[in-house]
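The sequence and structure follow.

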Amino acid sequence: MNKIYKYDIQTKEFIEEFEINEAYGTNLPFTTTVKPLAKKDGFAICFNGTKWEYVEDNRDKTVYVKDTKEELKVDYLGKIKDEHTLLIPKQFDKWDEISKNWIEDIELKKEYEKSLIPKTITLRQARLYLLSIGLLDDLENTISQNRAYQIEWEYANQIERESPLVKILGQTLNLDDTAIDNMFMEASKIWHKN
């Protein structure tokens with residue numbers, strides 16, 4: 001009886017050892033009489049045609065595509081492909097080839113944060129919010145000095161973030177763009193009737 005070692009048709013990795021009667025010959029397809037290497041964590045034992053060798057095995061590990069952050073499961077033998085990484089990206093990260101790491105994309109984060117700011121709020125929301133922070137009277141005193149702003153403040157259904165009235169509001173109350181953005185965010189959370 002001779003021992004022979006069967007390997008996978010595609011991956012060439014060791015599958016099993018079995019004994020065969022010499023009378024039948026040992027020339028079975030995808031087998032060898034060369035004894036495989038000992039098992040080693042993180043590696044598959046593969047036959048290269050003449051001998052067994054260790055091949056890195058990352059199958060079933062989660063990797064991320066460096067260009068798109070797409071999450072994939074490794075389904076191949078060998079080292080992790082250059083376009084993949086095991087490092088987990090965060091929401092605003094982009095791959096940096098120099099540091100070989102994910103780094104936060106500040107511009108992308110700013111764009112996202114800007115997209116969260118409501119474009120409009122109702123005047124009721126605006127008034128209630130300004131009242132809650134003690135700025136409603138100051139604003140209404142300023143608006144009363146300009147007839148056009150007064151009409152808009154009294155008769156419009158909503159107020160737009162980019163409107164001239166909001167710019168005057170900011171200047172009058174000494175509020176920068178970030179403070180106004182925060183006011184729109186907070187005011188939009190006040191429940192309103194349709």
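A residue is called buried under 20% relative accessible area, exposed over 50%, and partly exposed in between (1.4 Å probe, protein chains only). The model is predicted: local features need pLDDT of at least 70, side-chain atom pairs count only at pLDDT 80 or more, and totals for chains, interfaces and linings use all residues. Residues are numbered from 1 along each chain as its sequence is written, and side-chain values use heavy atoms, with hydrogens and water left out.

| Residue | Relative accessibility | Class |
|---|---|---|
| Thr31 | 13% | buried |
| Val74 | 2% | buried |
| Leu37 | 34% | partly exposed |

Thr31 belongs to strand β3, residues 31–32; strands are DSSP runs of E with at least two residues, numbered from the N terminus. A polar atom of the Thr31 side chain lies 2.7 Å from the backbone oxygen of Leu28.

Val74 is located in the loop between β7 (71–73) and β8 (84–85). Its C-alpha atom is 5.1 Å from that of Asp60, although the two residues are 14 apart along the chain. Beyond its neighbours within four places in sequence, Val74 is in contact (heavy atoms within 4.5 Å) with Asn58, Arg59, Asp60, Lys61 and Val63.

Leu37 is found in the loop between β3 and β4 (43–47). Together with Phe43 and Tyr54, Leu37 forms a nonpolar surface patch with about 230 Å² of accessible area.

Notes
Helix = DSSP H or I, 4+ residues; strand = E, 2+ residues; numbered from the N terminus. Polar contact = N/O pair within 3.5 Å; in protein donor to acceptor, adjacent residues only side chain to side chain. Patch = residues over 30% accessible without salt bridge, like charges linked within 9 Å, V, L, I, M, F, W, Y side chains within 5 Å. Areas by Shrake-Rupley, 256 points an atom, 1.4 Å probe, with all protein chains shown as cover. Salt bridge = Lys/Arg side-chain N within 4 Å of Asp/Glu carboxyl O.
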